[in-house]
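Here is a friendly briefing to read alongside the structure. Keep the view open and pick out the residues as you come to them.

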Amino acid sequence: MSGQRGPTAADVLGRVTLVTGKEEYLSERTVAAVKGAVRAHDADSEVADALAADLTLATLGELSAPSLFSSIRCVVVRGLENLPDESVDGLVGYAQAPVDDVALVLVHGGGPKGSGVLAKLRKLSTVVEVKSEPVKPWDLPKFVVAEGRARGARIDGEAAGALVQAVGEDLRMLASAVEQLVSDFPGATIGEAQVAQYFGGRAEVKNFEIADAMLAGRRLQAMEGVRWALDSGTSPVYLLSSVAGQLRTLANYVGGNRKNINPYQLKKLPGVARGWDGESLGAAIRAVARADADLKGAASDPAYTLERLVLTITGLRR
């Protein structure tokens, strides 16, 4: 996970690193960290990749055998959930006594398939499990802060929330954005100003700004934003999804369910929430559902549908 010290050769050679979970980006980063540790230990070391579906005890032996150039090897086996039943005992047997000069990485994509081999591997002292579970939406700002800390930088909480709104929930994109900010603002505390400077022009940010304007009752600003977005080629369905997302967050806030709202949004919501109650929010949700059905209909006029939605939502706010 971000913010943690990377493994050393002593952590991975003669051991098995078991990578589990559905978050592919985190899994790949763990695999890359193991490879990097082995190469740092021996620049001539070799890396072998294989699919678990093709794995037998014989092929595992070939993959882990010394080469002409180096005895140090990193073997990555992907798709552990597809390991044939007849290969389970052989793999577990190897994992009980791994070769000293080999770092074996087993990658399981998550889900119930292959749970039997996971249960056996988890019992072994030679196996270290690294979980790559998806980051909950409300924890994404923490992920951003940790990414900055891992790179020796400080990103404040509000800036982290703004970056999530700007870039979205894809971890790879968020990590790349953090890397860019840290590179361009070395030694500085990164705040909302720096995030806005680099990502304020993105269509995604405009979508959130349009949604905020609607819910805050700023009719003219919202109408101008919708027209700008459509003229700029923004997908009307994507724009509507931003409105729906902001509306759900507002409904949770007004209903007292604030546990999963990130700090950046919590700062803005008290002002927006004034003028909304359960009845008006229910009407707004129905209006968004109607707009969604209209946009997905063959005869829909996106501009008319979204402009009507602006008039409806800004009219509902008291």
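Predicted model: local features only at pLDDT ≥ 70, side-chain atom pairs only at ≥ 80, totals over all residues.

As background, nonpolar side chains tend to be buried together in soluble globular proteins.

**Around Leu 250**

- Setting aside neighbours within four places in sequence, Leu 250 is in contact with Leu 215, Leu 269, Val 272, Ala 273, Trp 276 and Leu 281.

**Helix 12 with helix 14**

- The axes of helix 12 and helix 14 come within 10 Å and cross at roughly 165°.
- Because angles over 145 degrees count as roughly antiparallel, helix 12 is roughly antiparallel to helix 14.
- This crossing of helix 12 and helix 14 is left-handed.
- On the helix 12 side, the contact is made by Pro 236, Val 237, Leu 240, Val 243, Ala 244, Leu 247, Leu 250, Ala 251 and Val 254.
- Helix 14 meets them with Leu 281, Ala 284, Ile 285, Val 288, Ala 291, Asp 292 and Leu 295.

**Helix 11 with helix 15**

- Helix 11 and helix 15 have axes that come within 10 Å and cross at roughly 160°.
- That angle makes helix 11 roughly antiparallel to helix 15.
- Helix 11 passes helix 15 in a right-handed crossing.
- From helix 11, the residues making the contact are Arg 219, Ala 222, Met 223, Val 226, Arg 227 and Leu 230.
- From helix 15, they are Pro 302, Ala 303, Leu 306, Glu 307, Val 310, Leu 311, Thr 314 and Gly 315.

**Helix 6 with helix 8**

- The axes of helix 6 (residues 140-150) and helix 8 (residues 171-184) come within 9 Å and cross at roughly 40°.
- At that angle, helix 6 is oblique to helix 8.
- The crossing of helix 6 and helix 8 is right-handed.
- Helix 6 makes the contact through Leu 140, Phe 143, Val 144, Glu 147 and Gly 148, and helix 8 through Leu 171, Leu 174, Ala 175 and Val 178.

**Helix 7, an enclosed helix**

- Nine of the 11 residues of helix 7 (residues 157-167) are buried, so this helix is largely enclosed by the rest of the structure.
- Its buried residues are Ala 159, Ala 160, Gly 161, Ala 162, Leu 163, Val 164, Gln 165, Ala 166 and Val 167.
- At the start of helix 7, a side-chain oxygen of Asp 156 reaches to within 3.2 Å of the backbone nitrogen of Glu 158.
- Just after helix 7, Gly 168 takes a positive phi of about 105°.

- Leu 18 sits in strand 1 (residues 15-20) and counts as buried, at 0% relative accessibility.
- Beyond its neighbours within four places in sequence, Leu 18 is in contact with Leu 80, Leu 106, Leu 118, Leu 121, Arg 122, Val 127, Val 128, Glu 129 and Val 130.
- The C-alpha atoms of Leu 18 and Thr 8, 10 residues apart along the chain, are separated by 16 Å.
- His 108 lies in strand 4 (residues 102-108) and is buried, with a relative accessible area of 1%.
- The side chain of His 108 reaches the backbone nitrogen of Gly 110 at 3.0 Å.
- Leaving aside neighbours within four places in sequence, His 108 is in contact with Val 19, Thr 20, Gly 21, Leu 80, Glu 81, Lys 113, Gly 114 and Leu 118.

**An exposed arginine**

- Arg 286 is found in helix 14 and counts as exposed, at 57% relative accessibility.
- Arg 286 and Arg 29 are 257 residues apart along the chain, and their C-alpha atoms are separated by 42 Å.

Notes. Residues numbered from 1 in each chain as written. Heavy atoms only, no water. Helix = DSSP H or I, 4+ residues; strand = E, 2+ residues; numbered from the N terminus. Buried < 20%, exposed > 50% of the residue type's maximum accessible area, 1.4 Å probe, protein only. Polar contact = N/O pair within 3.5 Å; in protein donor to acceptor, adjacent residues only side chain to side chain. Contact = heavy atoms within 4.5 Å. Axes fitted to C-alpha atoms, helices over the stretch in contact; angles between N-to-C directions. Parallel < 35°, antiparallel > 145°, perpendicular 65-115°, else oblique. Left-handed = near helix turned anticlockwise from the far one by under 90°.
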